[in-house]
Amino acid sequence: ESAADCLEDVLQLEPTHLEVVGELESLLRRREDWPRLITIMDHHLRLLSDPDEKAQVYLDMGEVYHSNLARVDLAEQAYNQVRVLKPESPVALHALGQLYERSGNWFQALDMLEQEAQLTQDKAEASKLYQRMGRIQEQMLMNREGAAEAYRRALELDVRAIVAIES
């Protein structure tokens, strides 16, 4: 019997034992047993009441769904659950922005990038986000006015953005 099976046996006896849940998650992650890990993470969520802790588990689930199971739809759901718990989570906004960009969901990508840019305190990072928005507007949506506005905002935040915009 594997270590994971033994830990699951312990969970059968003590389903609310968070330390065992954490050990099992770590083990399944190392073994790259993604479907089983998702099942344990779902169990973990049911044990938690703290919104910050729940948000972290949802972030981890989103990453597993996206990177390891190629389930963009379920990754999106997990990241949106983070936003229900923590509406201004920069990590969830960033992850959703990337998901939407990669899937060609341009309007939602722009929305996430805009929110992320408004939340960040780093002007150079916000400028980069506006540059990405400008490229989406210009190249994907063929919206020259929207692109110009995004690039203008990028330059307001960081004059060095002119080099990136020109290239």
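**View 1. The buried residues of helix 6 pack against helix 4, helix 5 and helix 7.** The model shown in this and the following views is predicted. Helix 6 covers residues 90-103, and the buried positions within helix 6 are A92, L93, A95, L96, G97, L99 and Y100. From its first C-alpha to its last, this helix of 14 residues reaches 20 Å, close to the 20 Å expected at 1.5 Å a residue. G104 follows helix 6 and has a positive phi, near 80 degrees.

**View 2. Helix 6 and helix 7 pack with their axes 8 Å apart.** Helix 7 is formed by residues 106-119, and the angle between helix 6 and helix 7 is about 155 degrees. Angles over 145 degrees count as roughly antiparallel, and the two helices, helix 6 and helix 7, are therefore roughly antiparallel to each other. The crossing in which helix 6 passes helix 7 is left-handed. On the side of helix 6, the residues in contact are L93, H94, L96, G97, Y100 and E101. They meet W106, Q108, A109, M112, L113, Q115, E116 and L119 of helix 7. Sorted by class, the contact of helix 6 with helix 7 comprises 8 nonpolar, 4 polar and 2 charged residues.

**View 3. Helix 4 and helix 5 pack at an angle of about 165 degrees.** Helix 4 spans residues 51-68 and helix 5 spans residues 72-85, and their axes lie 8 Å apart. Helix 4 and helix 5 are therefore roughly antiparallel to each other. Helix 4 passes helix 5 in a crossing that is left-handed. Helix 4 contributes P51, K54, A55, Y58, L59, M61, G62, E63, Y65 and H66 to the contact. Helix 5 contributes V72, L74, A75, A78, Y79, Q81, V82 and L85. By class, 13 nonpolar, 3 polar and 2 charged residues make up the contact of helix 4 with helix 5.

**View 4. Helix 2 is formed by residues 18-31.** This helix has 14 residues, and the distance from its first C-alpha to its last is 20 Å, close to the 20 Å expected at 1.5 Å a residue. The buried residues of helix 2 are V20, V21, L24, E25, L27 and L28. Just after helix 2 comes E32, which takes a positive phi of about 60 degrees.

Terms used:
Residues numbered from 1 in each chain as written. Predicted model: local features only at pLDDT ≥ 70, side-chain atom pairs only at ≥ 80, totals over all residues. Heavy atoms only, no water. Axes fitted to C-alpha atoms, helices over the stretch in contact; angles between N-to-C directions. Helix = DSSP H or I, 4+ residues; strand = E, 2+ residues; numbered from the N terminus. Parallel < 35°, antiparallel > 145°, perpendicular 65-115°, else oblique. Left-handed = near helix turned anticlockwise from the far one by under 90°. Contact = heavy atoms within 4.5 Å. Nonpolar A, V, L, I, M, F, W, Y, C, P; charged D, E, K, R; others polar. Expected span 1.5 Å × (residues − 1). Buried < 20%, exposed > 50% of the residue type's maximum accessible area, 1.4 Å probe, protein only.
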